[in-house]
Amino acid sequence: MSDDPTRVQEFFGVRAAGWDARFPDDGPAYAAAVHDLGLRPGDAVLDAGCGTGRALPPLREAVGPGGTVLGADLTPEMLDAATAAGRDGAGTLLLADVSRLPLRDGALDAVFGAGLVSHLADPAADLGELARVVRPGGRLALFHPIGRAALAARHGRRITEDDLRAEPNLRPVLAGSGWRMVSYVDRDDRYLVIAVREG
């Protein structure tokens with residue numbers, strides 16, 4: 001399930017320019033997930049593995065002009081596509097690996113991660129790094145615009161019991177990484193996990 005950074009860069013690098021065209025109807029699902037993250041005006045939020053930056057405009061809308069929106073991705077081509085789409089105006093783009101974020105401890109109020117979990121090289125350590133940069137009581141949203149079964153079917157596969165995104169597997173990994181899962185939704189039209197930073 002997990003991936004090393006070089007493979008992630010290679011996979012997404014060649015697909016970046018046409019990525020948004022492949023999923024043209026995902027905007028409302030992103031906006032709804034950002035809403036459910038419960039951001040407030042003035043908050044600081046990171047879109048971890050931001051890709052083409054589809055979450056950046058709704059994140060900016062949620063935190064307002066006084067808030068901070070960061071988008072981090074390790075694939076330069078994805079950040080280029082975000083800039084070409086004009087989404088760099090909604091937040092600051094960082095070429096960075098979520099396993100080593102250039103942020104101080106507790107700097108953020110929340111993290112949003114779309115399609116992130118399956119691409120983490122070391123899920124426990126990487127979720128721990130996200131916890132490091134979020135203040136106690138801050139929130140994490142792990143999102144995908146379609147659920148696990150629908151996503152597996154799209155790729156001609158079936159869900160397996162070892163899928164990290166399954167609630168029984170993800171809950172203890174989050175707990176060991178400094179997060180407490182507070183909600184879990186896995187429907188054909190939505191996957192959204194909300195967790196709170198412990199401590």
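**View A. Glu 167 and Arg 171 pair within helix H8.** Glu 167 is partly exposed, with a relative accessible area of 29%. The model shown here and in the other views is predicted. Arg 171, its salt-bridge partner, has its closest N atom 2.6 Å from an O atom of Glu 167. The two residues sit 4 places apart in helix H8, about one turn. An α-helix has 3.6 residues a turn, so residues three or four places apart point the same way. Arg 171 is also partly exposed, at 37%.

**View B. Asp 186 and Arg 148 form a salt bridge.** The N to O distance is 2.8 Å. Asp 186 belongs to strand E6 and Arg 148 to helix H7 (residues 148-154), so the bridge ties together parts 38 residues apart in sequence. Arg 148 is buried, at 13%. Asp 186 is partly exposed, at 28%. Both belong to a salt-bridge network that also includes Asp 163 and Arg 165.

**View C. Asp 105 and Arg 132 are joined by a salt bridge.** N and O lie 2.6 Å apart. Asp 105 is in the loop between strands E3 (92-95) and E4, whereas Arg 132 is in helix H6, 27 residues away in the chain. Asp 105 is exposed, at 54%. Arg 132 is partly exposed, at 25%.

**View D. Glu 129 is a buried residue of helix H6.** Its relative accessibility is 11%, under the 20% cut-off, so Glu 129 counts as buried. A polar side-chain atom of Glu 129 lies 2.8 Å from the backbone nitrogen of Leu 101. Beyond its neighbours within four places in sequence, Glu 129 contacts Val 98, Ser 99, Arg 100 and Leu 101. Cover for the buried residues of H6 includes strand E1 (44-48) and helix H8 (167-176).

Technical notes. Residues are numbered from 1 along each chain as its sequence is written. This is a predicted model: local features need pLDDT of at least 70, side-chain atom pairs count only at pLDDT 80 or more; totals for chains, interfaces and linings use all residues. Side-chain values use heavy atoms; hydrogens and water are left out. Buried means under 20% relative accessible area, exposed over 50%, partly exposed in between (1.4 Å probe, protein chains only). Contact means heavy atoms within 4.5 Å. A polar contact is a pair of N or O atoms within 3.5 Å; within protein, one must be able to donate a hydrogen and the other to accept it, and residues adjacent in sequence count only if both atoms are side-chain atoms. A salt bridge is a side-chain nitrogen of Lys or Arg within 4 Å of a carboxyl oxygen of Asp or Glu.
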